[in-house]
Amino acid sequence: MKAGQEIKKLRNYFKRGNTFIAYLVGKKNSGKGTYAKMFAEIVGPQYIEHFSIGDMIRRVDEELKDKKKKKELFVFLEKNYRGKFSIKEILSLLAKRNTSAPLLPTELILTLIEREIAEKKKKTLFIDGFPRDLDQMNFTLFFRNLIGYREDDDIFILFNVPEKVIDERMKYRRVCPRCHTSRNLKLLPTSKLGYDQKKKEFYLLCDNPNCQEVKMLPKEGDEKGIKSIRARLMKADQLINQAASLYGIPKVYLKNSVPKSLASKLVDNYELTPEYSYKWNGKEVKIIEKPWVFPDDEGKPSYSLLAAAVVLSLIKQTTKVLNL
Ligand SMILES: [Zn+2]
């Protein structure tokens with residue numbers, strides 16, 4: 001309803017065989033992946049790929065466990081990798097590292113991205129996790145040439161998410177031990193809840209029919225909220241500011257909060273994120289829903305926007321920067 005024209009234009013653009021590259025730049029837990037996937041679902045999932053560098057590295061980890069694939073990777077790197085480490089050093093870097101990728105050299109990341117993209121049919125890419133730091137920003141400017149997207153538009157998509165939102169997303173996150181679905185006790189509960197009478201605590205039960213209402217659990221370390229990721233948040237801020245200052249590459253700015261005082265002018269009530277609290281009446285859990293109000297980074301009382309409302313802005317701005 002709100003973006004019918006723009007969605008039509010984007011679909012036609014993709015149907016005509018056009019593609020573009022978008023770099024998602026934002027803080028951890030800012031919802032980048034969710035927004036990109038939703039955008040794809042709306043305008044045409046067959047034309048768009050959410051390309052996560054973290055996922056790519058995890059696929060490489062799998063290859064390393066398989067003798068034959070490890071050998072193939074070795075041969076590929078020998079032929080294609082140029083940089084300051086030997087292939088042996090690279091393989092040991094990959095093997096030693098645990099799930100996070102920050103220590104892998106940029107030359108290696110670029111070679112691996114090139115390999116994956118060359119194997120696939122050409123699609124519009126939403127790149128998540130590159131650039132990851134200031135040193136990689138300059139590579140980004142030439143990236144489309146590297147992967148054979150020379151004629152394509154490229155776009156920075158910059159996310160502004162108040163720290164309070166990230167903090168509460170972490171603190172109240174609950175994860176299913178079986179299917180690993182992630183929800184939020186305060187902001188995104190499941191349809192079924194339980195109450196622990198001894199601990200006086202409410203908990204979520206997984207909705208997935210395969211999980212038989214298993215209790216969802218907090219992730220270790222999440223209870224500290226953003227305190228534990230302060231350095232990463234600051235680095236992300238620097239990265240966003242640098243991307244915003246670059247000439248020649250269009251930008252889309254997304255903000256997922258709106259000051260309370262402006263909300264009635266800018267958004268509809270159904271676009272606001274509710275918060276949930278619970279009461280135990282001795283028999284069942286009562287759910288109380290109201291709009292979530294929190295201080296944004298400037299201390300202004302604000303609402304948070306639901307993902308669909310942010311994606312609406314993404315659709316409109318993307319149409320604009322592509323001159324459709
Ligand atoms: Zn589950």
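Mentor: In this predicted model, helix α3 (residues 53–65) and helix α4 (residues 67–80) have axes that come within 5 Å and cross at roughly 115 degrees. On the α3 side the contact is formed by Val60, Glu63, Leu64 and Lys65, and on the α4 side by Lys67, Lys69, Lys70 and Leu73. By residue class, this contact of α3 with α4 comprises three nonpolar, no polar and five charged residues.

Helix α4 also meets helix α5 (residues 87–96): here the axes come within 10 Å, with a crossing angle of roughly 130 degrees. The crossing in which α4 passes α5 is right-handed. Leu73, Phe74, Leu77 and Glu78 of α4 make this contact together with Ile87, Ile90 and Leu91 of α5. The residues of the contact of α4 with α5 divide into six nonpolar, no polar and one charged.

As to composition, five charged residues take part in the contact of α3 with α4, whereas one charged residue takes part in that of α4 with α5. In general, the two quantities used to describe a pair of packed helices are the angle between their axes and the distance between the axes.

Definitions and conventions. Residues are numbered from 1 along each chain as its sequence is written. This is a predicted model: local features need pLDDT of at least 70, side-chain atom pairs count only at pLDDT 80 or more; totals for chains, interfaces and linings use all residues. Side-chain values use heavy atoms; hydrogens and water are left out. Axes are lines fitted to C-alpha atoms, for helices over the stretch in contact, and angles run from 0 to 180 degrees between N-to-C directions. Helices (H or I, at least four residues) and strands (E, at least two) are DSSP runs, numbered from the N terminus. Contact means heavy atoms within 4.5 Å. Ala, Val, Leu, Ile, Met, Phe, Trp, Tyr, Cys and Pro count as nonpolar, Asp, Glu, Lys and Arg as charged, and the others, Gly among them, as polar. A crossing is left-handed if the near helix is turned anticlockwise from the far one by less than a right angle, and right-handed if clockwise.
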